[in-house]
Amino acid sequence: MEKATNNCKKVMKNKLKILTLTLSILFVKIASAQTNEATIYHEQFRPQLHFSPKEHWVNDPNGMVYFKGIYHLFFQYYPKGTTWGPMHWGHAISKDLMHWQELPIALYPDSLGYIFSGSAVVDSNNTSGFGKNGKIPLIAIFTQHDPKGEQAGKDNFQNESIAYSLDDGYTWTKYANNPVLMNPGIRDFRDPKVMWYAQEKKWVMTLATKDHITFYSSPNLKDWMKESEFGKELGAHGGVWECPDLFPLKFNNKTYWVLIVNLNPGGPNGGSGTQYFVGNFNGHTFTPADNELRWLDYGPDEYAGVTWGNTGNRKIFLGWMSNWEYAGVVPTEKWRNAMTIPRELALKQVAGRLLLASQPVNQLGSIAKKAEDISSGYSNLPNQYILKFKALKTSNCAIELLNKAGEKLVIGYDSKNGKFYIDRSKSGTVNFNPEFAKISYAPRFSGNQVIDLTLVIDASSVELFADKGTTVMTSVFFPSQLFNQIYLQSLKQIQIVPLKSIW
Ligand code: FRU
C-alpha cells in the first residue's frame, strides 16, 4: 500500500515537472514572439501607417471585400523571398482600415499555376450554389498564371479561376472545375474585378486583356459570357493594361461609372501608373464621357490600386506603394514594399471636368495625436505624421525635410508651371535604380487662389493630397536616418498632426 502511494507521489512529481517545463517553454515562446513583434514592425524604413507584410515580398492588393465588420485585404505575396516569385494570396484583416492583422496565406499555387491578382465578392443570393446551411459564401475570382505554358511559348497561360469561403473569408476552397474563364489566346488576360450588376441580376467581370478591357457577365460566377471590349484606342498605352476596376459613383445626384485601369509601364512619372475613365456602363458596354486622359495618382509609387467591394456608397481605394521599375531592389531587408493609405474616392467637378478625387479615409483621424503649429527650422519631427497647410497659387513654395546626414526630401509647388513636385534626388539611398532619383511632377487642376495641401508622411513614404484630393502624388524614399528637421520656403506656419504607429 505504502509502495503504491510512493509510486503515485513519484508520478505526480514527474507530471508536475513536465507541466512546469511545458509552461516555461510556452512562456519563453510567447515572450520571444512578443519581442519578435516588437522588432519585426520597427526595422529601418518600416512603414508605421501603411500595411506591409511581416516579411517577404508583396505587390498588388487583391480580393478586397468588406464583410461582417471586417475589411479583408488579400495581396500578391511570395512567402519565400523578398523578390517576386510564385504568387500566393497573402491575407490581412482590419476593423478600421488602419490596424492590420496578418493571417495565414489564403491561396496557394496549384497545377493550374500561380495565383495572380483578382477580386472577391459576397454572394448574398448564393447564385454560385457554394453556400451551405444558409451560410453566405464569399467568392474569390483570380487569374491563374501557368509558368510552364508561358515558358513553352503558349498564348493561353493565364485563365480565370474561383475559390469559395464558407467561414466569412478566413479559409478558401478552390472550385473543382477551374478555370471558369478560358483564355482565347491573349498573353495578358488577367486581374478579374467582379461586381454585382443589380439591374440585371448578374455578375460583371472587368478583365485586363493586354491593351484593352473586356467585360464578361455571369449568372453564377462559374459560366461567363463576353459582353464587350473597351479602350484599344483610348487612354494611355505606354504599357500593358492591368488590374482594372469598375464601379458607380454619384455626383450631384447623378450616377456616373468610373473605370480604373492600371498600366505598366507608361505611368505619368515613368513606370507603373493608375489611369481612369469617367462615363456610363449599361450592363454591357462602357461609354466614356470624353477622350481625356486622367490619372488617379501622379506620383511614381501608387500602382495596381482598386477598391473594396461591399462598402455601400463609400468607395475605398488601396494601391500598392511601389513601381515595377525598382520594386524588386528597394533597400529593405525583411520585407519588400507596402500599400498606400486607404483612400476614399469621390467625383469632383474642376474647371468643367469630372475628376476622381481621393483623400485619406477619415479613420486616419483615429490614430491622430495632438495637432500643433510649427515653423521653419523645427527639428523635432516624429516618424509618422500629417502636415496641413495652405499656399498661394501665385507663389512658389516648398517644404524640405532634412536629417543630420545631410539628406533631404523636397515637396513643393511651382507656380509658374502650375505643378506640384516631389524631389527625392538627395533623400538617402537612391542609387539602386537610375530612374529613382528623378523629380516627379503633377499638374494642379483647381483654379482656386488658395491651394489646400495635406501630406501624409511615414518612415519611407509621402502621399500628397492637394485641393481636396484632385491632385494626388505618392512617393517612397529611403533616408539613412529620420528626417527630424523641416524648412519652409514661402510658408510661415504649417500644422503637424503626429500619428500613432499602427503596429
Ligand atoms: C500587376 C500585376 C498583375 C498580375 C500580378 C502578378 O502588378 O502584374 O497584372 O496579376 O501583378 O503578381
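How many of the eight residues of strand 10 are buried? Eight of the eight residues of strand 10 (residues 202-209) are buried, so this strand is largely enclosed by the rest of the structure. Here, buried means under 20% relative accessible area, exposed means over 50%, and partly exposed lies in between, with a 1.4 Å probe and protein chains only. Strands (E, at least two residues) and helices (H or I, at least four residues) are DSSP runs, numbered from the N terminus. The structure is a predicted model, in which local features need pLDDT of at least 70 and side-chain atom pairs count only at pLDDT 80 or more, while totals for chains, interfaces and linings use all residues. Residues are numbered from 1 along each chain as its sequence is written, and side-chain values use heavy atoms, with hydrogens and water left out.

Met205 stands opposite Tyr216 of strand 11. In this second hairpin two residues lie between the strands, and Lys210 has a positive phi near 70°.

Asp188 lies in the loop between strand 8 (173-174) and strand 9 (189-197), and counts as buried at 17% relative accessibility. Not counting residues up to four places away in sequence, Asp188 touches Gln158, Ala208, Thr209, Lys210 and Val240, where contact means heavy atoms within 4.5 Å. Asn159 belongs to strand 7 (residues 158-165) and is buried, with a relative accessible area of 14%. A polar atom of the Asn159 side chain lies 2.7 Å from the backbone nitrogen of Asn183. Beyond neighbours within four places in sequence, Asn159 is in contact with Phe142, Thr143, Gln144, Pro179, Leu181, Met182 and Asn183. Leu103, in strand 4 (residues 101-107), is buried as well, with a relative accessible area of 18%. With neighbours within four places left aside, the contacts of Leu103 are His91, Ala92, Ile93 and Tyr170. The C-alpha atoms of Leu103 and Ser375 are separated by 43 Å, and the two residues are 272 residues apart along the chain.

On a 1 Å grid over the protein atoms alone, a cavity is a set of points where a 1.4 Å probe fits but cannot get out, a pocket is an open set with protein on both sides within 12 Å along at least five of seven lines, and lining residues have an atom within 4 Å of a point. The largest pocket holds about 800 Å³ of space. Among the 32 residues that line it, those closest to its centre are Met195, Trp196, Pro248, Asn310 and Gly312. Two or more lining residues come from each of strand 5, strand 9, strand 13 and strand 14 (254-264), and strand 13 gives the most, with six residues.

The second largest pocket has a volume of about 300 Å³. Of its 19 lining residues, Trp84, Phe116, Gln158, Arg190 and Glu242 are the closest to its centre. Strand 13 again contributes the largest share of the lining, here three residues.

The structure also holds four cavities of 30 Å³ or more. The largest cavity has a volume of about 110 Å³, and of its 13 lining residues the closest to the centre are Asn337, Ala338, Ser460, Val476 and Phe478. The second largest cavity contains about 70 Å³ of space. Its lining includes Pro61, Ser117, Asp191, Lys193, Cys243 and Val306. Strand 1 (56-67), strand 5 (114-122), strand 9, strand 13 (240-251) and strand 18 (303-307) each supply at least two residues of this lining.

Definitions and conventions: Polar contact = N/O pair within 3.5 Å; in protein donor to acceptor, adjacent residues only side chain to side chain. Points joined across faces, edges and corners; volume = space filled by probe spheres on them. Pairing = 2+ DSSP bridges.
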